[in-house]
Amino acid sequence: MRGRPLLYTSYAQDMALLDTRAKRVSTGVLVVLAFALAVLLQDRSLEVLAGAYVLAIGAIGLNIVTGYAGQVSLGHAFFVAIGAYTAAALSGPVDGERLGYGVAEIWLWLPAAGLVAAAAGVLVAPLATRLRGLYLAVVTLGLVFLGEHVFKEWQELTGGPGVGREAAIPQLFGVRLDQDGPLGTKEQTLYVLMLVLLIVFAVAARNLARSRIGRAFAAIRDRDIAAAVIGVPLTRNKVLAFGISSFYAGCAGGLLYTISGYVEPGSFSLLMSVQFIAMVLIGGVATVSGAIAGALFISLLQPLTRSLPSLVPFVSGDTTQTPNVFQVETVLYGLLIVLFLIFEPRGLFGLWIRIRNYWKSWPFSY
C-alpha cells in the first residue's frame, strides 16, 4: 500500500489506534521526547509537567462525559476531591491524627480512589440523566458547593480548612517514589510515574471511544432521541459515562497531591471545575489528544499568572484582597473559553488539524 496510506482493505485497519505510519512515528517520537525530558529539565519544571500530566488524566475523564457523551458537568472538582481524600485516608497512618488505614502501596489506593469516585458518580447519574443542558450543569455545579461544605466540616478526614492533611504516599513494592533514590530525584521519579499513568489512561480512553460503548456515547451526544429509537439504552450509557468520568477524576485526585504531599479542602472549589472545563474546551472536545493539550496549556499558563503580583502592582497574591491572582485566573479562563468557542470551536486540536491539512495540500489551496 506504499503511496496510498489511507487505502484500507480490512475493518481492523480502519479501526486501528494509529492507522498511518505518520501517526505511529510522530506518536513514538513524542513519547520518547517526553521520557527524555526527565533528564533534560530541571526539577522545578518536571514538577510542573508532572502536575500537568495528572490534570490531563482528569481532563480526559471530563471529556468522556462532556465531549463523547454530551453531558455537561461542572462538578468535576467534587469527584477529584473524593479521589484525593480516599487515597489520603487509605495511605495515611493508622494511629495518626487523621483517618488512615496504612495502605501505602499505590497499586492499591489508586484504583480504590477511582472506584469510590466512580461509585459517587453512579449515585449522582440517575438524577443527572433526567436533565440536559443548563439544568444538568446547575445540578452538577451544586455538587461542588456541597462537597466544599462536607470536606470543610469533616475534619477527621480532611483536617479542616487552613489545616489540611498529608496526601497519599506514592509507594510501589516498598519503595517510596516521593523521595530521592536510585531511580533519580523525587521530581524525576514522580514525573516518569505520572507520564506512564497518563499514557495508560489515554490509550484506555481512546480505545473506549473506538468501542461499541464509545459509539453509543457519540450517538447520545449527537441526538439522544434518535439514539433511543435505534436501540441505544440512554440511561445505562449516561450512567456509565458518569461512572467512567468519575473514575478518571478520582484517580487524578489521588495522584495530584502526591506531588506536593499536602491536600487542603479549599482546593476543590468552583475554580478547579472551571479549570477542567477550560482544558477540555481549549484543547478540543471529544479528543483525547485535545484534552492532554488543553491540560498542558492551562498548567503552563499557571506559573505565568502566579507571577503577576511581581509584575503588576495592583494584582495581589493574597486571597483576602481584590483583585488577586486567583480572580485574575478565573477571568482569564472564562475569556479563553469564550475566545476559543467563537474563533476555534475545535480548540488546539482543531488548530493542529488545520495546520496539518494545509501542509498536506500544499502548494495547492484545496
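Visitor: How many aromatic pairs does the count come to here?

Guide: Welcome! This is a predicted model, and a pair of aromatic rings is described by the distance of the centres and the angle of the planes. Rings count as a pair if their centres lie within 6.5 Å. By this rule the count is 8 aromatic pairs.

Visitor: Residues 77-94 and 134-151 are both in the "transmembrane region" annotation from UniProt. What is the helix content of residues 134-151?

Guide: Let's start with residues 77-94, which are 83% helix and 0% strand, with end C-alpha atoms 27 Å apart. For residues 134-151, the end C-alpha atoms lie 26 Å apart and strand is 0%. The helix content of residues 134-151 is 100%.

Visitor: How far does helix α12 reach from its first C-alpha to its last?

Guide: Helix α12 covers residues 270-283, which is 14 residues. At 1.5 Å a residue, 20 Å is expected, and the reach of α12 is close to that. The value is 20 Å.

Visitor: Why is α12 described as largely enclosed by the rest of the structure?

Guide: A residue is buried when its relative accessible area is under 20%. Among the buried residues of α12 are L271, Q275, F276 and G283. The helix is largely enclosed because the number of its 14 residues that are buried is 12.

Visitor: Which residue just after α12 takes a positive phi?

Guide: Follow the chain past the end of α12, at residue 283. The phi there is about 140 degrees, and the residue is G284.

Visitor: Is E329 buried or exposed, and which residue makes a polar contact of 2.6 Å with its side chain?

Guide: E329 sits in helix α15, residues 325-343. With a relative accessible area of 0%, E329 is buried. Its side chain has a polar contact of 2.9 Å with the side chain of T305. E329 also touches residues including L271 and Q275, while the side chain at 2.6 Å belongs to R306.

Visitor: What is the separation of the C-alpha atoms of A204 and V288?

Guide: A204 is part of helix α8, residues 186-210, and counts as partly exposed at 40% relative accessibility. Along the chain, A204 and V288 are 84 residues apart. Their C-alpha atoms are separated by 10.0 Å.

Methods. Residues are numbered from 1 along each chain as its sequence is written. This is a predicted model: local features need pLDDT of at least 70, side-chain atom pairs count only at pLDDT 80 or more; totals for chains, interfaces and linings use all residues. Side-chain values use heavy atoms; hydrogens and water are left out. Rings of Phe, Tyr and Trp (its six-membered ring) pair if their centres lie within 6.5 Å; planes under 30 degrees apart count as stacked, over 60 as edge-to-face and the rest as tilted. UniProt positions are given in the numbering used here, feature names are shortened, and annotations may be inferred rather than shown by experiment. Helices (H or I, at least four residues) and strands (E, at least two) are DSSP runs, numbered from the N terminus. The expected span of a helix is 1.5 Å times one less than its number of residues. Buried means under 20% relative accessible area, exposed over 50%, partly exposed in between (1.4 Å probe, protein chains only). A polar contact is a pair of N or O atoms within 3.5 Å; within protein, one must be able to donate a hydrogen and the other to accept it, and residues adjacent in sequence count only if both atoms are side-chain atoms. Contact means heavy atoms within 4.5 Å. Lists of a residue's contacts leave out its neighbours within four places in sequence.
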